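User: I'd like to learn how to read a fold from its coordinates. Could you walk me through it, one feature at a time?

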Amino acid sequence: MSQYFQVGDLVLWNPSHTVAQLFARMTEAMVPVAARPSGVGPDIGRDEYEIDPDTFAAFVDVLTARYLSTNHPILTAMLEGYLPTALVMVQRSGRDVAALGQPVARDNQDISLNRDAFDPVGDRQRLLGLAESHARAMPH
């Protein structure tokens with residue numbers, strides 16, 4: 001059994017039920033981190049999640065900017081579990097993530113005092129590489 005993440009009739013992703021449920025719950029968990037709505041509607045009982053593509057793209061943009069601006073390796077790793085798939089979905093919806101092309105300044109909101117892992121250029125490359133890998137593994 002699978003579920004659909006879609007914009008109208010455009011299917012962005014059709015993962016298995018368990019994977020879809022996990023992604024939806026991860027999205028909910030990211031809402032307070034992004035401090036904005038996700039644009040991912042609830043499963044309305046038809047194994048479908050309707051996505052508002054502009055709201056979702058803005059949501060993913062904020063999370064991407066946070067990922068690129070932190071030096072905290074745990075926060076980075078946690079966001080890496082979510083963002084590559086989300087980036088593919090944004091791209092499939094015909095939207096862009098502006099944070100991927102903008103200069104990045106360090107954010108002191110979440111800092112690691114043990115290790116300075118601030119590397120926005122390397123992190124951008126890593127995130128794009130992960131998204132490319134996810135795109136190959138994600139059926140429409």
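Predicted model: local features only at pLDDT ≥ 70, side-chain atom pairs only at ≥ 80, totals over all residues.

User: Which elements does the protein chain have, and in what order do they run from the N terminus?

Analyst: Helices (H or I, at least four residues) and strands (E, at least two) are DSSP runs, numbered from the N terminus. The protein chain has five helices and three strands, in the order β-β-α-β-α-α-α-α. Its radius of gyration is 15 Å, close to the 14 Å from the globule rule for 140 residues, so the chain is as compact as a globular protein of that length. That radius is taken over C-alpha atoms, and the rule is 2.2 Å times the number of residues to the power 0.38.

User: How do I read contacts along the sequence?

Analyst: Count a contact when heavy atoms are within 4.5 Å. Of the contacts in the protein chain with a separation of 6 or more, 65% join residues 24 or more positions apart.

User: What span does helix H1 reach from its first C-alpha to its last?

Analyst: The expected span is 1.5 Å times one less than the number of residues. H1 (residues 17-34) has 18 residues and reaches 25 Å, close to the expected 26 Å. Its buried residues include Phe23, Thr27 and Met30. Among the elements covering the buried residues of H1 are strand S1 (4-7), helix H2 (53-69) and helix H4 (83-92).

User: Which residue follows H1, and is Ala35 buried or exposed?

Analyst: Ala35 follows H1 and lies in the loop between H1 and S3. Its phi is near 55°, a positive value in a residue other than glycine. Ala35 has a relative accessible area of 68%, so it is exposed.

User: Where is Ser133?

Analyst: Ser133 sits in helix H5 (residues 120-137). With 36% relative accessibility, Ser133 counts as partly exposed. Its C-alpha is separated by 9.7 Å from that of Val88, 45 residues apart along the chain.

How values were computed. Residues numbered from 1 in each chain as written. Heavy atoms only, no water. Buried < 20%, exposed > 50% of the residue type's maximum accessible area, 1.4 Å probe, protein only.
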